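This briefing goes through a single protein model by topic.

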Amino acid sequence: MIKAMKKLTFLVTDKEYAPFIEQLRQLGVVHVVELQAGATSPELQDALALDDRYKAALKAMSYAAAAYEKAKKAGEEEAVNFDTPAQPLTASTGFEIMEQLEQLAADETDTRHAIDAADKAIAQLEPFGEFSWQSLHALEEEAHCRIDFFRCSTKSFRQQWADEFFAIPVAEENKKTYFATFTGSDATTAPSISAEYLELPQQSLSYYQQEKERLQQRLHDIHQQQLYIALEEREAVEAAKLVNDDRISLARVQLSHEDVVDGIVRLMEAWIKVENADDVTTALDQAGIYYEMADPAEGDKVPIEIQNNSYSSLFEPILKMYSLPNYRDLDPTVFFAPFFMLFFGLCMGDAGYGLLILAVSLYLLKAKPDFKAYAKLGCWLGATTMVVGLLTGSFFGIDLSQQDWAFLAPVKHLFINENNYKPFGYAPMMVFSVCIGFVQVLLGMILAGVKAARNGGWKYGVGKFSWVVFLVTAVIMFAAAPESKAALYILYGIIGLSACGIMFYNNPDKNIFVNFGGGVWSVYGMATGLLGDLLSYIRLFALGLTGGVLGGVFNQLATDLTETLPWFIRWLPMLLILLLGHGINFGLCMISSFVHPMRLTFVEFFKNANFEGGGKPFKPFRREAA
């Protein structure tokens, strides 16, 4: 259900403006319209920049906490313990903690770069081993020589280098020869040979190894500090972010006006829910603010707030994936929710998979309060899948109607499959999929008629309702085939009246000729579109059938590939094949069971319901921080 809204227009003087804004914030139920699109101010820019920093800090804390939880599950976590006591968790300390976290992030980056540099130095020095540069330079002075270091491929090393430059191989690694040359002290450059000249770091190997250990300990300490903040001080940063959010909302509201009367008076627009109208107008009257209240007009961009019962609200995230309804739409959540649930069950089509979904959802419902809404939705979807799977006789890919189990004998004839039923010569679930699709399409047409009648008057819904009556009557004639002439004449009369509404009253504002042309176009659209819409619902049958067949194939593979093994060995490969196969099948079924019901909802149902969407959420101006 879409909450009813009222439009408020204010005229506020400069003197009244600041206390008026604060009063709106205290009321906390007024959605202020941004009249200056794209307007900004230094205060808003600073607050938005600070908001980005808070978001980055919270994201970093989430990563640190997630890494800790992962290590904890693996039994690799370390105790997080510092002598420094925790700061009081207030909004005033949140900014300082955020800055501390930013500094730690910068220190972490610098430390990682330093570790990379140490690694590079170690890699360069390791082939030559531990030596002292001081001793090497002393040797150069005493022996009156110049020492240089090179590297080349082992097969490229030349003996003449040893003869000419006293080249001495030091080590061989990865088909590379590392060597040193000794030339006269009068040589100003290294020998010109076809080898890679090495500029070795000016410290010893042990120095860089010790430096790396020190840097790794520093990096560990940084991670411990980051983790401590993430686990113990997150609330302060969140509180500080809420304070900054209030700054952002205040800055936006301060820009949401137009200056009139040479800037002396400010014009503002806002929206309130009808249920809050009396409280708001009373407060405005007491403050002496001039305002006007009116119902939404055609073309107004009214913010949206939807409210549904505990069941339908579980499906609101699915609606929001498409769009919020606009104020002229009907809220479709309560209407598509049971269909989506049924479509999901038809696509999964296996009682075993439904049992698994239900079990996991019940666990999350108890163990993860943050996922409560999604867990409840999972319970409904899992239970529906179980019902569909039991009705069709599928349990983890096992076709129950084909089993010779004694306890199934009394009910085997009741399973809804081709072995027991074949309406019109087709698979029963295919016929059911088309029928349930026809029902949903008709419901969409009814909602389109209700929407047209509500927004423009009853006459604007006549054309929509005429199609519903026409189609329902045609189906009754085809399915029931009444033998009574009186019944036939009644049905013919209903079809004739509905045809008149379709052809001559589809656009009440136009003349009869325009209506007739519109009727012809409507008939063409219905003839070409309805069949395509209904055929789209066959995917429900096809996906359910595919999942069951794949499950049966993996069951067959598990038995056939292991039938020659002794029983005390056979169970393990059978179990692995079943787990792998059903895991893949379950994952594919889960994806298709969400994607295709959403496709049927967003395309077929929303199109026939004339759902436009494009609504923006109702966001009252209020103080978020405590």
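Two strands count as paired if DSSP finds at least two bridges between them. The model is predicted. On that criterion, four strands make up an open sheet with antiparallel pairing, ordered β4-β5-β3-β6. A search of the whole structure also gives 31 aromatic pairs, and there are two cavities of 30 Å³ or more.

**Sheet**

- Strands of a sheet pair through backbone hydrogen bonds, in either a parallel or an antiparallel arrangement.
- In the order β4-β5-β3-β6, the edges are β4 (168–173) and β6 (196–197), each of which pairs on one side only.
- Five bridges join β4 to strand β5 (residues 176–184), and the sense of this pairing is antiparallel.

**Loop between β4 and β5**

- Asparagine 174 sits in the loop between β4 and β5.
- Its phi is near 50 degrees, which is a positive value in a residue other than glycine.
- Most residues other than glycine have a negative phi.
- Asparagine 174 has a relative accessible area of 75%, so it is classed as exposed, the cut-off for that class being over 50%.

**Helices**

- Helix α2 (residues 42–73) contains 32 residues.
- From first C-alpha to last, α2 reaches 47 Å, close to the 46 Å expected at 1.5 Å a residue.
- Buried residues of α2 include Leu44, Leu50, Asp51, Tyr54, Met61 and Tyr68; several alanines are also in this set, among them Ala47, Ala57, Ala64 and Ala71.
- Helix α16 (residues 512–536) carries tryptophan 521.
- Tryptophan 521 counts as exposed because its relative accessibility is 64%.
- The C-alpha atom of tryptophan 521 is separated by 9.3 Å from that of methionine 503, with the two residues 18 apart along the chain.

**Aromatic contacts**

- Among the 31 aromatic pairs is that of tryptophan 133 and phenylalanine 149, whose ring centres are 6.1 Å apart and whose planes stand at 75 degrees, so the geometry is edge-to-face.
- This pair links distant parts of the chain, with tryptophan 133 in helix α4 (residues 133–143) and phenylalanine 149 in strand β3 (residues 145–153), 16 residues apart.
- Tryptophan 133 counts as buried because its relative accessibility is 13%, and phenylalanine 149 is likewise buried, at 9%.
- Tyrosine 353 and phenylalanine 586 also form an edge-to-face pair, at 5.5 Å centre to centre and 80 degrees between the planes.
- Tyrosine 353 counts as buried, since its relative accessibility is 1%.
- One aromatic cluster is formed by Tyr311, Phe315, Phe340, Phe344, Trp380 and Phe594.

**Largest pocket**

- Rolling a probe the size of a water molecule over the atoms shows where empty space is left.
- The largest pocket holds about 1100 Å³ of space.
- Its lining has 35 residues, and those nearest the centre are His31, Val32, Lys616, Pro617 and Lys619.
- Elements that each supply at least two lining residues are β2 (31–32), α7 (234–254) and β8 (265–273).
- Of the contributors to this lining, α7 gives the most, with six residues.
- The lining of the largest pocket divides by class into 14 nonpolar, seven polar and 14 charged residues.

- About 60 Å³ of space lies in the largest cavity, one of two cavities of 30 Å³ or more.
- The residues lining the largest cavity are Asp329, Leu330, Asp331, Pro332, Leu447, Lys451, Ala609, Asn610 and Phe611.
- This cavity lining comprises five nonpolar, one polar and three charged residues.
- Asparagine 610, which is part of the cavity lining, lies in the segment after α18.
- The phi of asparagine 610 is near 55 degrees, again a positive value in a residue other than glycine.
- Asparagine 610 has a relative accessible area of 35%, so it is partly exposed.

Conventions. Residues numbered from 1 in each chain as written. Predicted model: local features only at pLDDT ≥ 70, side-chain atom pairs only at ≥ 80, totals over all residues. Heavy atoms only, no water. 1 Å grid on protein atoms, 1.4 Å probe; cavity = no way out; pocket = protein on both sides within 12 Å on 5 of 7 lines; lining within 4 Å. Points joined across faces, edges and corners; volume = space filled by probe spheres on them. Nonpolar A, V, L, I, M, F, W, Y, C, P; charged D, E, K, R; others polar. Buried < 20%, exposed > 50% of the residue type's maximum accessible area, 1.4 Å probe, protein only. Phe/Tyr/Trp six-rings, centres within 6.5 Å; stacked < 30°, edge-to-face > 60°. Expected span 1.5 Å × (residues − 1).
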